[in-house]
Amino acid sequence: MKIPSSQSEYLDAYKNSVANPENFWAEIAEDFTWKKKWSEVLQWDFHKAEVKWFIGGKLNITENCIDRHLPSRANQTAILWESNDTQEPSKKITYQELSDQVCKVANMLKAHGIKKGDRVCIYMPMVPEAAYAMLGCARIGAVHSLVFAGFSSGSLVDRINDSKCKLVLTADGAHRGDKKIELKTIVDAALQHCPSVEKVVVLERSHSKPAMKAGRDFWWHDEMKKVSTVCPAEVMDAEDLLFILYTSGSTGKPKGMVHTCGGYMVYVNYTFRTAFQYKEKQIYWCTADVGWITGHSYIVYGPLSAGATTTMFEGIPSWPDMGRFWQVIEKHKVNIFYTAPTAIRSLQAAPLSFVEKYNLSSLQVIGSVGEPINEEAWDWYHKNIGKGNCPVIDTWWQTENGGFMISPIANVTKLKPAFASLPLPGVQPAVMDEKGNELLENNIEGRLAIKFPWPSIARTIYGDHQRFKDTYFSTFPGKYFTGDGCKRDEDGYYRITGRVDDIIIVSGHNMGTAEVESAIDEHPAVAESAVVGFPHDIKGQGIYAFVICYQKPNDAEKLRAEIKETVSKIIGPIAKPDKIQFVSGLPKTRSGKIMRRILRKVAEGDTSNLGDITTLLDPNVVEEIKNGAL
Ligand code: PRX
C-alpha cells in the first residue's frame, strides 16, 4: 500500500480517491489478510443511510492486528504500558504475548457461553487487559461495547440494556491519580437493572476485594488459568459488527454507534500511517482512554494493525505532578505523541519548569484531537513540546467517522495553527449554508457535511436505524451531516468552529444538553432546567445550567452541590455542571421551546445584544436571568 508522503503524492492520492474511490480503497485493502476477497467494493445510498464496503469479503481483524505480524515481530513490543503509580514497573507486551493473551480471553469468553454476535460490555481501567478484552471479543466475533470507566452506574445501565450485553468484563477498581474508582461496586449497582447480563469477569487491579456473586462473578486470573493460548479466529463478514460505542446525542439517550469489521480496519490503518507518517520501530503514544473512539481506533486497532508499539497510560497528566506526560515521553523515548487540547491547556497553565525538566528530543510528531485547538495552545504545544520542529497533527473526526477525516499529514501538509487543514484521501467535505446549499467557493463559513462514504463510517445506531437516518442524513439530504460548523479559508484549509447543535464538548467529551438536563431534573427540588455551554479556559467548554426549583432554595450553595452530585451519580463526574444559576423562569417561545440562543449569550457573559425577544411568552424572564448571571 502506498502511503502518500509528499505534497504531490497527497494530491495524486486525493484526486484518485475522488475520481475512482472504489479502486483507490480496493488497492489499499489488498494489503491486509482476508480469508476471502470481496466481490464488490462499495454499495451506498445516503438517502437511506446505507453503506457497505468490501461486500462478501471475509476476515478477522485480530489476524491483521496480531497473527500476520508474528513471523516478523513476535518479540517486538506491541503494547507498552505505563502504570498510574510511578513506582510500579512498566510492562512491555510483545506481539507473541499479545497473541497468547488475546486467545486466552477469547477462549475464556467462549467457556462462558459467548458466541459470535453476542454483546460484551467492557468497563475497565487503562491496563493491557482492556486491549486483550477488546481483541478477545473480536477474535470470536463477539461485539464489544466499551463504557468509559468514569461513567456512573446509571450510564452503564443504559448502555448495557440498549445492546443487551450478556457478559461484563471489568476490574475490582481503577486508579486515576490519587483517586480509586470502585468499578466492581458500580457494576454491581448497575446489574440490579440489567437482566441480560449472565456473567461478570473481574480483573484484580486495585485489590479492593469486592463482593463476588456466586455463579455470576468470576476472577479473571482464575478463568485465564483454565484456557489455552490458541484460539482460531472466527470468520467475519466485512460488514459483521465489530463494536458498538455510545456517544451523546443532542436529544434523548446516547446513541450506540455501530462499526463493522472490514472498512473500519482498512481505514484506521491507512489514516494512522498517513497522518502520522508512522515508521517502523517508532514508539507511539495516544493519551486517550480506550473507552472513547480515539482509544479504539488509535490506541488499539490502528497502531496494532500497522505492527506498531502502542503505549497505554493508566494515569492522568497532572499526577503526581504536572510533568507526568513529559516524564513518560522521556522514559520511553516516545516518537509520536497524540493528546487533547484540554490536556495541553491545563499543562500550559503550569510552570514551564515541568516541561524543561525532561528530555523530549525523541518526539517527531505531535497530535491533537477532540475539540478545536485554540491558537495559543497550538503555539505553546508546537514551541515547548515539539521544540518548533514537530508538526502538530490536528485531527478532526468523530465517533461516527471511525477514523481521521480532516488532518494534516506529518511533514507533508503545510501547517496553519488551529486549522485541521485538509481532507485526507477519500474524504469529500461539503460546506453548507443554512438553506442547504453547498458553498463551493473558498473563504466561507458554514456547516460541515461529507458527501461521499469512507470505509469506516458508522453503519447505523444499534437498534435504531431511523434515528441514524434522522440524525445524520436528513439535514442535508444525500449528505452526512457532522453537526459541526467550519470555515474554509482561501487555501481550502478547514478550521472547525465547534458544534452547531445541542452538544457541548467538555474536555473533549461530548455531552448532550438534554442528557444533562434530565439528570438535573432528577433532583427532587428541581422543576425544570436548561443547559448550555460556555467558554472555559481549560475544558474548552464548560456546562452552565439554568435551574427552576419548586421553591426558592434556602441554601443555594448546598443545593448546587447536591445537584452536581445527582448528575455525577446519574451520568458521571464529567457531566457535572460548572455553574448553576437558579431562575424563576426560562425564556420560552409561545410554542414552549426554550430559546437557547439567549441562554448561551448569558452564559458567555455577553448580554449586550440578545436579539429579538418579542416572540417570547414572557420577555420579563430575560431581565431576571441577565441580572443573575454567574
Ligand atoms: O465537534 C467536533 C469535535 O469533537 C466532536 C466529535 O466528538 P467524539 O465523537 O467524541 O470524537 C472525539 C474524538 C474523535 C466533533 O464533532 N472535534 C473532534 N476533533 C476535533 C474536533 N473539533 C475541532 N478540531 C478537532 N481536531
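Helices and strands are DSSP runs, numbered from the N terminus. In this predicted model, the shell around the ligand draws at least two residues from each of three such elements: α11 (293-305), β20 (392-395) and β26 (494-499).

The ligand is surrounded by 18 residues, and the closest are Asp 394, Thr 395, Thr 399, Asp 484 and Arg 499. By class, seven residues of the shell are nonpolar, six are polar and five are charged. Of the 540 Å² that the ligand exposes when taken alone, the protein buries 96%.

Helix α15 spans residues 375-385, and its buried residues are Ala 377, Trp 378, Trp 380, Tyr 381, Asn 384 and Ile 385. These residues lie on the same side of α15 because the arc they cover around the axis is only 165°. An α-helix has 3.6 residues a turn, so residues three or four places apart point the same way. The exposed residues Glu 376 and Lys 383 are carried on the face of α15 turned away from the buried side.

The packing partners of the buried residues of α15 are the helices α12 (324-332), α13 (341-348) and α14 (353-356), together with the strands β18 (336-339), β19 (365-369) and β20. After α15 comes Lys 387, which has a positive phi, near 50°.

Terms used. Residues are numbered from 1 along each chain as its sequence is written. This is a predicted model: local features need pLDDT of at least 70, side-chain atom pairs count only at pLDDT 80 or more; totals for chains, interfaces and linings use all residues. Side-chain values use heavy atoms; hydrogens and water are left out. A residue is near a molecule or strand if one of its heavy atoms lies within 4 Å of it. Accessible areas come from the Shrake-Rupley method with a 1.4 Å probe; for residues, only the protein chains shown count as cover. Helices (H or I, at least four residues) and strands (E, at least two) are DSSP runs, numbered from the N terminus. Ala, Val, Leu, Ile, Met, Phe, Trp, Tyr, Cys and Pro count as nonpolar, Asp, Glu, Lys and Arg as charged, and the others, Gly among them, as polar. Buried means under 20% relative accessible area, exposed over 50%, partly exposed in between (1.4 Å probe, protein chains only). The arc is that of the directions from the helix axis to the C-beta atoms. Contact means heavy atoms within 4.5 Å.
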